[in-house]
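Student: Hey, can we go through this protein together? I'd like to get the overall picture and then look at some side chains.

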Amino acid sequence: MPAPTLDEFWQSLVSTRLLDAATTARLRADHAGSEPVGAGDVKAIAAWLVGRGAITRWQAKRLVIGDRGPFLIGDYRLLERHDREGDSLLFTARHEPSGKPVALVLLNGKRCRNLEIWTAIMTRTRIATQAGDPMLSATWSLEQEDGSRFIVCEPVIGVSLADELERLGPLPPQQAGVI
């Protein structure tokens, strides 16, 4: 994907539905009037928009390289993508009608077409939605929109275990056993 020109970048905010046309026009005028450093640089404009809370860092990084999304799947706005093992994708998202933050697990379409795997996903999701343990993040639904299948869950706030282990190093066996 080629990097966008300045005009293409501003237009992409509307075409990807990250911002509406009126908001984009207002932000573009504000940006032009503020004469910030890097006024002609797409990366600088993206950083400026992130600083204003108009888009997220992940959205900005994608737009700067010419990626046009999707940034919305059905009623869910994708805010950040998280690294994880496996062939599904994990996003922090927002349910637009309610404003509710969610975790969205975008499932691998090819694997979902396998009846055995799809049946297992449906069974596990149904079991997870019934789990009431406060130590587990809630699983709310299995949905299909825009040709994508995904699981909607309660977002987990905090530092990932991998990041914490990188910071602290290996845990002593007694502490690891308690966790």
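Predicted model: local features only at pLDDT ≥ 70, side-chain atom pairs only at ≥ 80, totals over all residues.

Student: Okay, how many helices and strands does the protein chain have?

Tutor: There are eight helices and six strands in the protein chain. Going along the sequence, the pattern reads α-α-α-α-β-β-β-β-α-α-β-β-α-α.

Student: And is the chain compact or spread out?

Tutor: The protein chain has a radius of gyration of 20 Å, while the globule rule gives 16 Å for 179 residues, so the chain is more spread out than a compact globule. Its C-alpha trace spans about 55 × 45 × 30 Å along the principal axes.

Student: What share of the residues is buried?

Tutor: Buried residues make up 31% of the 179 residues. As for the surface, the protein chain exposes about 11600 Å², and carbon and sulfur atoms supply 54% of that area.

Student: Which helix is hardly covered?

Tutor: That's helix α7, residues 161–168. The count of buried residues among its eight residues is zero. Just after α7 comes Gly169, with a positive phi of about 85°.

Student: Let's switch to strands. How do β2 and β3 run, and how many bridges join them?

Tutor: Strand β2 (residues 76–82) and β3 run antiparallel, with six bridges joining them.

Student: What about β3 and β4?

Tutor: Those two run antiparallel as well, and seven bridges join β3 to strand β4 (residues 100–106). Phe91 has Leu104 in β4 as its bridge partner. β3 and β4 form a hairpin with four residues between them, and Gly99 in the turn has a positive phi of about 80°.

Student: Now rings! How many aromatic pairs does the structure hold?

Tutor: The structure holds four aromatic pairs. One of them is Phe9 with Trp10, an edge-to-face pair with 6.2 Å centre to centre and 75° between the planes.

Student: Are Phe9 and Trp10 buried or exposed?

Tutor: Phe9 and Trp10 are both buried. Another edge-to-face pair is Trp58 with Phe91, at 5.5 Å centre to centre and 65° between the planes.

Student: Where do Trp58 and Phe91 sit in the chain?

Tutor: Trp58 is in helix α4 (residues 57–64) and Phe91 is in strand β3 (residues 89–95). They are 33 residues apart, and the pair links distant parts of the chain. Trp58 is buried, as is Phe91.

Student: Which residues form one aromatic cluster with them?

Tutor: Phe71 comes in here: Trp58, Phe71 and Phe91 form one aromatic cluster. Remember that Phe91 also bridges to Leu104 in β4, so to speak of Phe91 is to bring in helix α4 and strand β3 as well, given the Trp58 pair.

Student: Last topic: which charged ends sit over a ring of Trp?

Tutor: One example is Lys100, whose charged end sits over the ring of Trp140, 4.0 Å from the ring centre. Another is Arg149, with its charged end over the ring of Trp118, 4.2 Å from that centre.

How values were computed
Residues numbered from 1 in each chain as written. Heavy atoms only, no water. Phe/Tyr/Trp six-rings, centres within 6.5 Å; stacked < 30°, edge-to-face > 60°. Buried < 20%, exposed > 50% of the residue type's maximum accessible area, 1.4 Å probe, protein only. Lys NZ or Arg CZ within 6 Å of the ring centre and 35° of its normal. Rg over C-alpha atoms; globule rule 2.2 N^0.38 Å. Areas by Shrake-Rupley, 256 points an atom, 1.4 Å probe, with all protein chains shown as cover. Pairing = 2+ DSSP bridges.
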